[in-house]
Structures are given as C-alpha cells and as structure tokens.
Amino acid sequence: AQAAVATPPRTARHREAADAGQACLTRCLAAVDNLDRLGLEAALAAGSFELTAPLLRRQVLEPLIAAMGERWESGQWRVAQEHLASAVVRAVLWDLIRRADPGVAGATLVVATLPGHRHELGALLAGAVAAEHGREVVYLGVDLPAEEIAAAARLRDARAVLISLVYPRGDARTAAEIARLRDLLGPEVRLLAGGRAAESYREALLAADAQVAGDL
C-alpha cells in the first residue's frame, strides 16, 4: 500500500487557522442575524483566543466589516443589526490597538477622520495594522477639523497622519480640509489617506502631497 504523505506542519497550522477564522466569522454573522450582542462578543472573544491579532483582523474582522456594508445595502440586515455589529467591532478593534506593543521608537501615527466623515471602522482597521507593525497609534476618532488633527500631530511629534475617507464622496468642504491639514502639518509630516471615498478626493490629495493607500 502506498504510504500516506504527511502534511507539512506549517501548512497544517495555516489550514487550522483558516478553519478557525472561517468558523468564527460564521458564528459572528449568525449572531448579527439574530441581533445577539452577547453571542457576537463571545464569538469574537473565542476568535481572539484561537487566532493571533493579525489573523483575527484579516480572517474575521475585515470580512465581517465588508459583510456589514453589503448586507445593509442589500436590505438583508436592518440598520439596527448594522449598528449593533459596528458597536461590537469598534470595541474589538480599539482593543487590538490598545494591546499592541509600540516597538518602533518615534514612529507615532495620528489617525482620524475629517469633519462630516463619521464612519470610523476603516480608520480603526488602519490603526490596528499600524499597531501590529510597532507604531504608536494616536487614534482621535471621527469628525475632527484639520486644526485639531494637526495640533495632535505636533503635540505627539508624529511622523505621519492618516485620514480615512468613506463618506461623503467628492465633497468640497472635505477637499478644503485636506488642503488646510497639509498647510498646518508642514512638509515634514507625511499625510496618508485611505477608504472607499479616497479616490474621489484624488486631486485634492495629490495637491496636498498625500499618499493614497489602495488597501490596508
């Protein structure tokens, strides 16, 4: 009889992690279907135990956030379900940022959204990625004027500022705030931008010498 070929240990671990991530995501979606906050929190807590922070983000939180938008837009989820999921996911992302070790000295990143931009999960995801890579993340939240963001960057001697642009798209006020933020930051601080609406501000971002991130 032909001898069985052993699965390489690393491949097996990757498969186990992928299976654990998919199982966690399935439990999360079912909990939101039932408007079950405790079930959603329990599923994410179990996922946090089974997966590393980067794997939890990539395999569970990112697809969960994508599903939230898709299911709300299609009418599969009510606004109440999307809001419940957002509240729980927001807390988990903040915990990932809070628990990360800022191992890169002097590499502080300020993360925020501009006035009128109240969708924050993308900003939190970006902050979690930066935290995973050893950056100290100063997360300011949503709907902040350029003056406040720039003041925080100066106070913390930040090397870079990241703004998340999700909605509205192509807004003249936002374009003016981007220009104002660049003027206040000065040329020594990098300005980064991401989010679904970033492309609609490409002209303003290029004029502000901002780096537009295509993905996380």
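**View 1. The surroundings of Cys24 and Cys28.** Cys24 is buried, with 0% relative accessibility, where buried stands for a relative accessible area under 20%, exposed for one over 50% and partly exposed for what lies in between, computed with a 1.4 Å probe on protein chains only. Its sulfur lies 4.1 Å from the closest cysteine sulfur, that of Cys28, which is too far for a bond, given that a disulfide is a pair of cysteine sulfur atoms within 2.5 Å. Cys28 is likewise in no disulfide, with the sulfur of Cys24 as its nearest cysteine sulfur, and Cys28 is buried at a relative accessible area of 0%. By this rule the number of disulfides is zero. The model is a predicted one, in which local features need pLDDT of at least 70 and side-chain atom pairs count only at pLDDT 80 or more, while totals for chains, interfaces and linings use all residues. Residues are numbered from 1 along each chain as its sequence is written, and side-chain values use heavy atoms, with hydrogens and water left out.

View 2. From the N terminus on, the order of elements is α-α-α-α-β-α-β-α-β-α-β-α-β. The five strands form an open sheet in the order 2-1-3-4-5, with parallel pairing, where two strands pair if DSSP finds at least two bridges between them. Strand 2 and strand 5 (211-212) stand at the edges with a single partner strand each, so one side of each has no neighbour in the sheet.

**View 3. Helix 7 and what covers it.** Helix 7 (residues 172-185) has 14 residues and reaches 20 Å from its first C-alpha to its last, close to the 20 Å expected at 1.5 Å a residue, the expected span being 1.5 Å times one less than the number of residues. Its buried residues are Thr174, Glu177, Ile178, Leu181, Arg182 and Leu185. Seen down the axis of helix 7, these buried residues fall within an arc of 135 degrees, so they line one face of the helix, the arc being that of the directions from the helix axis to the C-beta atoms. Among the elements that cover the buried residues are helix 6 (146-155), strand 3 (160-164), strand 4 (190-194) and helix 8 (202-207), where contact means heavy atoms within 4.5 Å. The face turned away from the buried side carries the exposed residues Ala172, Arg173 and Asp183. Gly186, which follows helix 7, has a positive phi, near 80 degrees.

Key. Helix = DSSP H or I, 4+ residues; strand = E, 2+ residues; numbered from the N terminus.
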